[in-house]
Amino acid sequence: MEEEETGEAIRPEFPTGRVKKIMKLDKDIGKVNSEALFLVSCATELFLKLLAEKSAEVAAEKKRKTVKLEHIRIAAKRHRSISDFLLDSLPLPSQRSDAPAKDENRTRTVVDKVAPEGTRRIDDFFRRPAKTTSAETNES
(Lines give C-alpha, C1' and ligand atoms only; values in the text may rest on other atoms or scores of the structure.)
Protein backbone atom coordinates (compact mmCIF):
# COMPACT_ATOMS: atom_id res chain seq x y z
CA MET A 1 0.00 0.00 0.00
CA GLU A 2 2.86 2.34 0.75
CA GLU A 3 4.07 2.12 -2.84
CA GLU A 4 0.60 2.97 -4.12
CA GLU A 5 0.50 6.13 -2.01
CA THR A 6 3.88 7.42 -3.18
CA GLY A 7 3.19 6.49 -6.80
CA GLU A 8 6.35 4.39 -7.11
CA ALA A 9 5.96 1.12 -8.95
CA ILE A 10 7.71 -1.98 -7.70
CA ARG A 11 9.93 -3.37 -10.41
CA PRO A 12 11.67 -6.71 -10.16
CA GLU A 13 15.43 -6.72 -10.63
CA PHE A 14 15.41 -9.71 -12.98
CA PRO A 15 14.64 -9.14 -16.66
CA THR A 16 11.02 -10.21 -17.08
CA GLY A 17 11.67 -11.52 -20.58
CA ARG A 18 14.20 -14.04 -19.31
CA VAL A 19 12.01 -15.06 -16.39
CA LYS A 20 9.16 -15.62 -18.83
CA LYS A 21 11.39 -17.77 -21.08
CA ILE A 22 12.45 -19.86 -18.08
CA MET A 23 8.84 -20.29 -16.99
CA LYS A 24 7.83 -21.37 -20.48
CA LEU A 25 10.46 -24.13 -20.45
CA ASP A 26 7.84 -26.08 -18.50
CA LYS A 27 5.68 -27.87 -21.07
CA ASP A 28 2.56 -27.41 -18.92
CA ILE A 29 2.78 -23.61 -19.06
CA GLY A 30 1.20 -22.04 -22.12
CA LYS A 31 0.76 -18.32 -21.57
CA VAL A 32 2.22 -16.36 -18.70
CA ASN A 33 0.06 -13.68 -17.10
CA SER A 34 1.89 -10.42 -16.30
CA GLU A 35 0.83 -10.62 -12.64
CA ALA A 36 2.15 -14.18 -12.37
CA LEU A 37 5.39 -13.11 -14.03
CA PHE A 38 5.71 -10.25 -11.55
CA LEU A 39 5.10 -12.53 -8.56
CA VAL A 40 7.56 -15.18 -9.75
CA SER A 41 10.23 -12.51 -10.33
CA CYS A 42 9.71 -10.98 -6.89
CA ALA A 43 9.65 -14.40 -5.18
CA THR A 44 12.89 -15.34 -6.94
CA GLU A 45 14.56 -12.16 -5.74
CA LEU A 46 13.45 -12.76 -2.16
CA PHE A 47 14.61 -16.36 -2.30
CA LEU A 48 18.04 -15.48 -3.65
CA LYS A 49 18.42 -12.71 -1.10
CA LEU A 50 17.61 -15.15 1.73
CA LEU A 51 19.96 -17.80 0.36
CA ALA A 52 22.78 -15.27 -0.09
CA GLU A 53 22.35 -13.90 3.44
CA LYS A 54 22.27 -17.36 5.04
CA SER A 55 25.25 -18.52 2.98
CA ALA A 56 27.20 -15.40 3.99
CA GLU A 57 26.42 -16.15 7.64
CA VAL A 58 27.80 -19.68 7.24
CA ALA A 59 30.93 -18.33 5.54
CA ALA A 60 31.41 -15.85 8.39
CA GLU A 61 31.00 -18.64 10.96
CA LYS A 62 33.76 -20.53 9.17
CA LYS A 63 35.86 -17.35 9.15
CA ARG A 64 35.82 -17.10 5.36
CA LYS A 65 35.33 -14.01 3.24
CA THR A 66 34.21 -15.87 0.13
CA VAL A 67 30.96 -17.82 -0.06
CA LYS A 68 31.58 -21.25 -1.56
CA LEU A 69 29.38 -24.13 -2.61
CA GLU A 70 29.82 -25.82 0.76
CA HIS A 71 28.49 -22.72 2.53
CA ILE A 72 25.42 -22.67 0.29
CA ARG A 73 24.83 -26.39 0.98
CA ILE A 74 25.07 -25.85 4.75
CA ALA A 75 22.72 -22.86 4.60
CA ALA A 76 20.22 -24.89 2.56
CA LYS A 77 20.41 -27.83 4.98
CA ARG A 78 19.65 -25.55 7.94
CA HIS A 79 16.37 -24.38 6.41
CA ARG A 80 13.99 -27.24 5.68
CA SER A 81 11.88 -25.25 3.22
CA ILE A 82 14.98 -24.56 1.12
CA SER A 83 16.56 -27.98 1.47
CA ASP A 84 13.42 -29.80 0.32
CA PHE A 85 13.92 -28.71 -3.28
CA LEU A 86 17.35 -27.09 -3.57
CA LEU A 87 19.78 -29.68 -2.20
CA ASP A 88 19.06 -32.12 -5.01
CA SER A 89 19.91 -29.45 -7.57
CA LEU A 90 23.22 -28.34 -6.06
CA PRO A 91 26.31 -30.12 -7.36
CA LEU A 92 28.14 -32.28 -4.86
CA PRO A 93 31.34 -30.73 -3.57
CA SER A 94 34.43 -32.45 -4.95
CA GLN A 95 36.40 -31.79 -1.79
CA ARG A 96 36.16 -29.77 1.38
CA SER A 97 36.36 -26.14 0.32
CA ASP A 98 37.49 -25.00 3.80
CA ALA A 99 40.46 -27.35 3.79
CA PRO A 100 43.82 -25.63 3.43
CA ALA A 101 45.49 -25.83 0.06
CA LYS A 102 47.44 -29.04 -0.41
CA ASP A 103 51.14 -28.62 0.14
CA GLU A 104 53.17 -29.92 -2.81
CA ASN A 105 55.94 -31.22 -0.57
CA ARG A 106 53.55 -33.28 1.55
CA THR A 107 53.83 -37.04 1.18
CA ARG A 108 50.84 -38.91 -0.22
CA THR A 109 48.73 -40.85 2.24
CA VAL A 110 47.05 -42.90 -0.48
CA VAL A 111 49.14 -45.66 -2.01
CA ASP A 112 49.29 -45.07 -5.75
CA LYS A 113 49.23 -47.83 -8.32
CA VAL A 114 52.65 -48.66 -9.64
CA ALA A 115 53.04 -47.31 -13.15
CA PRO A 116 54.75 -49.38 -15.82
CA GLU A 117 58.46 -48.73 -16.12
CA GLY A 118 59.34 -45.75 -18.28
CA THR A 119 56.07 -43.87 -17.73
CA ARG A 120 55.60 -40.62 -15.84
CA ARG A 121 52.69 -39.57 -13.69
CA ILE A 122 50.79 -36.49 -14.85
CA ASP A 123 51.23 -34.75 -11.49
CA ASP A 124 55.01 -35.24 -11.80
CA PHE A 125 54.86 -33.33 -15.07
CA PHE A 126 53.33 -30.28 -13.35
CA ARG A 127 55.44 -30.44 -10.21
CA ARG A 128 58.32 -27.98 -9.95
CA PRO A 129 61.67 -29.61 -10.54
CA ALA A 130 63.74 -30.22 -7.43
CA LYS A 131 66.79 -28.04 -7.09
CA THR A 132 69.90 -29.91 -8.13
CA THR A 133 73.28 -29.51 -6.57
CA SER A 134 76.37 -28.76 -8.62
CA ALA A 135 77.70 -32.30 -7.93
CA GLU A 136 74.56 -33.84 -9.51
CA THR A 137 74.88 -31.58 -12.56
CA ASN A 138 78.52 -32.56 -13.10
CA GLU A 139 77.70 -36.29 -13.01
CA SER A 140 75.43 -36.12 -16.05
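Modeller: Starting at the N terminus, the elements of the chain run α-α-α-α-α-α-α. That makes seven helices and zero strands. Before we go on: this is a predicted model, where local features need pLDDT of at least 70 and side-chain atom pairs count only at pLDDT 80 or more, while totals for chains, interfaces and linings use all residues. Residues are numbered from 1 along each chain as its sequence is written, and side-chain values use heavy atoms, with hydrogens and water left out.

Biologist: What makes a stretch of the chain a helix or a strand?

Modeller: Both are DSSP runs, numbered from the N terminus: a helix is H or I over at least four residues, and a strand is E over at least two. Helix α3, for example, covers residues 34-61.

Biologist: What sits at the start of α3?

Modeller: There, a side-chain oxygen of Asn33 comes to within 3.1 Å of the backbone nitrogen of Glu35.

Biologist: Now for the inside. Why is Ser55 counted as buried?

Modeller: Ser55 belongs to helix α3. Buried means under 20% relative accessible area, exposed means over 50%, and partly exposed is in between (1.4 Å probe, protein chains only). Ser55 has 2%, so it counts as buried.

Biologist: What is Ser55 in contact with, leaving aside its neighbours within four places in sequence?

Modeller: Contact means heavy atoms within 4.5 Å. With those neighbours left out, Ser55 touches Val67, His71, Ile72 and Ala75.

Biologist: How far is Ala56 from His71 in sequence and in space?

Modeller: They are 15 residues apart in sequence and 7.6 Å apart in space, C-alpha to C-alpha. Ala56 sits in helix α3; with a relative accessible area of 37%, it falls in between the cut-offs and is therefore partly exposed. Ala52 is 19 residues from His71 along the chain, and their C-alpha atoms are separated by 9.7 Å.

Biologist: Why do you call the pairing of Glu61 and Arg78 a salt bridge?

Modeller: The term needs a side-chain nitrogen of Lys or Arg within 4 Å of a carboxyl oxygen of Asp or Glu. Here the side chains of Glu61 and Arg78 meet at 2.8 Å, N to O, so the pair qualifies. It links distant parts of the chain, as Glu61 is in α3 and Arg78 is in α4 (residues 69-78), 17 residues apart. A search of the whole structure finds one salt bridge. Arg78 itself is partly exposed, at 47%.

Biologist: What about the loops: why does Lys63 count as exposed?

Modeller: Lys63 is in the loop between α3 and α4, and its relative accessibility is 73%, so it goes in the exposed class. Its phi is near 60°, a positive value in a residue other than glycine. Lys31, in the loop between α2 and α3, is another exposed residue, at 80%. Lys31 and Lys20 are 11 residues apart in sequence, with 9.2 Å between their C-alpha atoms.

Biologist: And over the whole chain, how much is buried?

Modeller: Buried residues make up 16% of the 140 residues. Of the contacts with a separation of 6 or more, 33% join residues 24 or more positions apart.

How values were computed:
Polar contact = N/O pair within 3.5 Å; in protein donor to acceptor, adjacent residues only side chain to side chain.
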